[in-house]
Amino acid sequence: MSTDPLIDRLATDLRPVKRRTPWRDAVILTVLGVVEITFVLMMGMMRPDMPHAMHMPSFWWKTASLATIAAISGVTALISLSPTRSPRRGLHLVGAVTLIVLALGWLIDALQAGPAALWHRLDPVHGLMCARKIVELSLPIALALGVLARRGAPVDSYGTAWAAGIAAAAFGALIFALACPFDDPLYLAVWYLLAGGVVALATRLILPLLTRW
């Protein structure tokens, strides 16, 4: 029994889909990130002690760490949009890099010494404000990755959602790092991770509903 008539009938009303390329999607995300950084700089949100901060190891630790996590998770999210690729390997790499980053943060913290009170170091009032701003700055990248995911064909929608959420959170945190005056590794580990966890979890819950075939 020939299946050609059935295939022809199913394909009759389908519209051709424009072929996507990971490089073009990466350029879109990069341009969006540059626009956000430019917006932060034009709004005068950059920390006033930037010349001093650039001589501190903790500043470069958080900036380089966030850029690395954003790059790995972003590439993982874009690659996973292909139906033949899984984001699992990239997610494992992101987890390993995150653990290494936190270990380096604690090492820097120990080297900087200074007996400060735990409550004073965490500074919950400013910490919650930082977390809220990171979430807000993550939204444009999360929305862009959501649109790209709908145009793609991810076979592991949950893995793609995790990768997209981590990438959006890392992008938002990286941009906010230009304005954040706090360099205490303990403060950054607690509040940056809290904001990143909120963005990643929300993306994990919402994105699979929007990309379901």
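Trainee: Is Tyr187 buried or exposed?
Mentor: In this predicted model, Tyr187 has a relative accessibility of 0%, so Tyr187 counts as buried.

Trainee: And how many aromatic pairs are there in the whole structure?
Mentor: The search returns three aromatic pairs. One of them joins Phe176 and Tyr192, with 6.4 Å centre to centre and 50° between the planes, which makes the pair tilted.

Trainee: Which helices do Phe176 and Tyr192 lie in?
Mentor: Phe176 belongs to helix H8 (residues 157–177) and Tyr192 to helix H9 (residues 185–210), so this pair ties together parts that are 16 residues apart in sequence.

Trainee: Are those two residues, Phe176 and Tyr192, buried or exposed?
Mentor: Both Phe176 and Tyr192 are buried.

Trainee: Back to Tyr187: which residue forms an aromatic pair with Tyr187, and what is the geometry?
Mentor: The partner is Phe182. Their rings are stacked, at 4.3 Å centre to centre and with 20° between the planes.

Trainee: Changing topic, at what angle do the axes of H8 and H9 cross?
Mentor: The axes cross at roughly 145° and come within 8 Å.

Trainee: Left-handed or right-handed?
Mentor: The crossing of H8 and H9 is right-handed.

Trainee: What is the make-up of that contact by class?
Mentor: The contact of H8 with H9 has 16 nonpolar residues, together with five polar and one charged.

Trainee: One last item: where does the charged end of Arg204 sit?
Mentor: The charged end of Arg204 is placed over the ring of Tyr158, 4.0 Å from the centre of that ring.

Terms used: Residues numbered from 1 in each chain as written. Predicted model: local features only at pLDDT ≥ 70, side-chain atom pairs only at ≥ 80, totals over all residues. Heavy atoms only, no water. Phe/Tyr/Trp six-rings, centres within 6.5 Å; stacked < 30°, edge-to-face > 60°. Helix = DSSP H or I, 4+ residues; strand = E, 2+ residues; numbered from the N terminus. Buried < 20%, exposed > 50% of the residue type's maximum accessible area, 1.4 Å probe, protein only. Lys NZ or Arg CZ within 6 Å of the ring centre and 35° of its normal. Axes fitted to C-alpha atoms, helices over the stretch in contact; angles between N-to-C directions. Left-handed = near helix turned anticlockwise from the far one by under 90°. Nonpolar A, V, L, I, M, F, W, Y, C, P; charged D, E, K, R; others polar.
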